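Here is a friendly walk through one chain, for someone meeting it for the first time. Keep the picture at hand as you read.

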Amino acid sequence: MDIGTLLKLKRKELNLSVKQVVDSLKSYNISISEKTLYGWENNYRQPDADTFLILCAIYQISNVLGYFLNEQTKDYSTKESILIKKYRQLTAEQQGAVENNIDYFIQVNKKDETTENGEDPFENKVG
């Protein structure tokens, strides 16, 4: 994903309006129009380096290189990224337990989707 799209996604993820971001930039003595921010988000132009770093601060992006370089190949929300970091802190046994729980919930969701006729898709059938 390109920088503009990632900035737009992050702004929306934080439920910030374009006006709120423009107002936040003013507190850093950066005056831009809403149209300029839309232009950055739609990749018509890019902010200068200083403004870009301030946008990252407003958008709570602490690992700028990690977010913009890694996010180009991954499409994780901030919440998903936090879960991955927590998962990596677990022991192998704990990770296995988490994986088993995820598998269980996926099966339950599939079961809910396929039991409209009242049959249990996981029930052993004889015969």
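Predicted model: local features only at pLDDT ≥ 70, side-chain atom pairs only at ≥ 80, totals over all residues.

Two residues are in contact when they have heavy atoms within 4.5 Å.

Residues are numbered from 1 along each chain as its sequence is written, and side-chain values use heavy atoms, with hydrogens and water left out.

**The overall picture**

The chain has seven helices and zero strands. Helices (H or I, at least four residues) and strands (E, at least two) are DSSP runs, numbered from the N terminus. Buried residues, meaning those under 20% relative accessible area with a 1.4 Å probe and protein chains only (exposed is over 50%, partly exposed in between), make up 23% of the 127 residues. Among contacts with a separation of 6 or more, 51% link residues 24 or more positions apart.

**Two helix pairs**

Here the axes are lines fitted to C-alpha atoms, for helices over the stretch in contact, and angles run from 0 to 180 degrees between N-to-C directions.

| Helix pair | Angle | Axis distance |
|---|---|---|
| α1 and α3 | about 120 degrees | 7 Å |
| α2 and α4 | about 115 degrees | 11 Å |

The α1 and α3 angle makes α1 oblique to α3. On that scale, under 35 degrees is roughly parallel, over 145 roughly antiparallel, 65 to 115 roughly perpendicular, and the rest oblique. On the α1 side, Gly 4, Thr 5, Leu 7, Lys 8 and Arg 11 meet Leu 37, Trp 40 and Glu 41 of α3. Sorted by class, that contact has three nonpolar, two polar and three charged residues. For these classes, Ala, Val, Leu, Ile, Met, Phe, Trp, Tyr, Cys and Pro count as nonpolar, Asp, Glu, Lys and Arg as charged, and the others, Gly among them, as polar.

In the other pair, Val 21, Ser 24 and Leu 25 of α2 meet Thr 51, Ile 54, Leu 55 and Ile 58 of α4. This contact has five nonpolar, two polar and no charged residues.

**A closer look at α3**

Which residues of α3 are buried? They are Leu 37, Gly 39, Trp 40 and Glu 41, and they pack against α1, α2 and α4. Glu 41 counts as buried because its relative accessibility is 3%. Leaving out residues up to four places away in sequence, Glu 41 touches Gly 4, Thr 5, Leu 7, Lys 8, Arg 11 and Tyr 59. After α3 comes Asn 43, with a positive phi near 65 degrees.

**The nonpolar core**

A nonpolar core is a set of buried Ala, Val, Leu, Ile, Met, Phe, Trp, Tyr and Cys residues joined through side-chain atoms within 4.5 Å. The largest one has 19 residues, of which Leu 25, Ile 32, Leu 37, Leu 55, Tyr 59 and Phe 68 touch the most other members. Helices α1, α2, α3, α4 and α5 each supply at least two residues of this core, and α4 gives the largest share, five residues.

Take Leu 55: apart from neighbours within four places in sequence, Leu 55 is in contact with Leu 7, Val 21, Leu 25, Trp 40 and Pro 47. Phe 68 sits in helix α5 and is buried, with a relative accessible area of 5%. Phe 68 and Leu 6 are 62 residues apart in sequence and 7.4 Å apart in space, C-alpha to C-alpha.
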